[in-house]
Amino acid sequence: MIEIMNLTVVYPDGTKAVDDVSLTIRDGERVALVGANGAGKTSLLLALVGVLPLTSGTVSADGLELSKKTLSDIRRKVGMVFQNPDDQLFMPMIADDVAFGPRNYGLGEEETARRVDGALDMLGISHLKNRSSLKLSGGEKRMAAIATVLTMEPSALLFDEPTAFLDPKARRGLIGVLKKLGQSQVIATHDLTFAEEVCSRTILLKQGRIYADGDPKILFRDEKLMDDCGIEAIM
Ligand SMILES: Nc1ncnc2c1ncn2[C@@H]1O[C@H](COP(=O)(O)OP(=O)(O)OP(=O)(O)O)[C@@H](O)[C@H]1O
Ligand SMILES: [Mg+2]
């Protein structure tokens with residue numbers, strides 16, 4: 001479970017990207033984070049894993065409050081799949097990228113290998129194990145980036161625009177994977193049909209604040225609400 005209380009994130013130049021957000025993500029819940037460009041989706045996700053400092057408010061995962069001291073433990077509990085897979089893939093081989101987290105946390109080679117094989121298998125990319133990320137397609141890279149996070153066996157996953165640059169088949173594959181995973185998920189996306197299919201709940205963000213919280217099937221068809229947030233409703 002992730003608990004966010006009165007979270008505000010202000011960048012050094014004074015931009016308030018997240019403005020007094022309070023939110024609980026229950027175990028196993030899949031939540032879409034939707035909002036126009038600049039609404040604060042990425043900033044919110046980055047704050048949850050301590051990449052951006054919290055200006056005020058608190059964040060906790062499974063009862064553990066995020067702080068400098070707990071940062072490393074929080075990152076084992078909450079895995080973030082960045083918008084750009086290249087930020088997560090930097091080793092000569094995918095196998096090493098995916099093993100990076102467990103090795104870094106001092107898990108043995110045997111346990112690391114078990115997790116690497118498990119994650120690759122789960123995502124259907126075992127055949128990419130010995131390839132270099134430099135030579136993968138966008139969709140393959142996205143799956144590999146997810147694998148690097150799954151090997152930490154986190155209880156929650158954060159995704160920043162996971163369907164960006166995916167072709168319809170890769171997008172469909174991703175939908176299957178996300179539905180199969182048991183973790184809580186928070187997914188920032190502009191892809192409303194994707195959000196509807198994967199998530200039972202949507203948070204609509206506007207200028208860093210929660211504007212609505214509810215069933216995507218209903219929110220996305222509320223023309224006035226969506227218009228207020230600068231997003232095109234689903235007709
Ligand atoms: N490094 C930064 N310094 C200052 N302001 C920033 C920085 N990064 C983002 N912002 C501002 O913070 C606000 C929220 O941006 P954020 O990237 O979180 O939005 P977003 O909802 O993820 O948008 P998008 O849909 O375009 O990805 C915007 O006003 C943006 O200009
Ligand atoms: Mg963003």
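These legends walk through close-up views of one predicted model.

Residues are numbered from 1 along each chain as its sequence is written, while chains are lettered from A and ligands numbered from 1 in the order in which they are written. Because this is a predicted model, local features need pLDDT of at least 70 and side-chain atom pairs count only at pLDDT 80 or more, while totals for chains, interfaces and linings use all residues.

**View 1. Six strands form an open sheet.** Two strands pair if DSSP finds at least two bridges between them; helices (H or I, at least four residues) and strands (E, at least two) are DSSP runs, numbered from the N terminus. S6 (78–81) and S10 (209–214) are at the edges with a single partner strand each, so one side of each has no neighbour in the sheet. From one strand to the next, the twist averages 20°. Here and below, axes are lines fitted to C-alpha atoms, for helices over the stretch in contact, and angles run from 0 to 180 degrees between N-to-C directions.

**View 2. Strand S9 pairs with S10 and with S3.** S9 (residues 201–206) and S10 are antiparallel, with five bridges. Look for threonine 202 opposite glycine 214 of S10, and for leucine 205 opposite isoleucine 210 of S10. Two residues lie between the strands of this hairpin, where glutamine 207 has a positive phi near 45°. S3 (residues 30–34) runs parallel to S9, and four bridges join them. Valine 31 has arginine 201 of S9 as its bridge partner.

**View 3. Helix H3 packs against H5.** H3 (residues 94–104) meets H5 at an angle of about 30°, and their axes are 7 Å apart. That makes H3 roughly parallel to H5, since angles under 35 degrees count as roughly parallel, over 145 as roughly antiparallel, 65 to 115 as roughly perpendicular and the rest as oblique. On the H3 side you can find Ile94, Asp97, Val98, Phe100 and Gly101, and on the H5 side Ala144, Ala147 and Thr148. Residues are in contact here if their C-beta atoms, placed from the backbone, lie within 7 Å. The contact of H3 with H5 has five nonpolar, two polar and one charged residues. In this count, Ala, Val, Leu, Ile, Met, Phe, Trp, Tyr, Cys and Pro are nonpolar, Asp, Glu, Lys and Arg charged, and the others, Gly among them, polar.

**View 4. Helix H3 also packs against H4.** H3 and H4 (residues 109–122) pack at about 130°, with their axes 9 Å apart. That makes H3 oblique to H4. Ala95, Val98, Ala99, Pro102 and Arg103 of H3 meet Glu111, Thr112, Arg115, Val116, Ala119 and Leu120 of H4. By class, the contact of H3 with H4 has seven nonpolar, one polar and three charged residues.

Key:
Contact = placed C-beta atoms within 7 Å.
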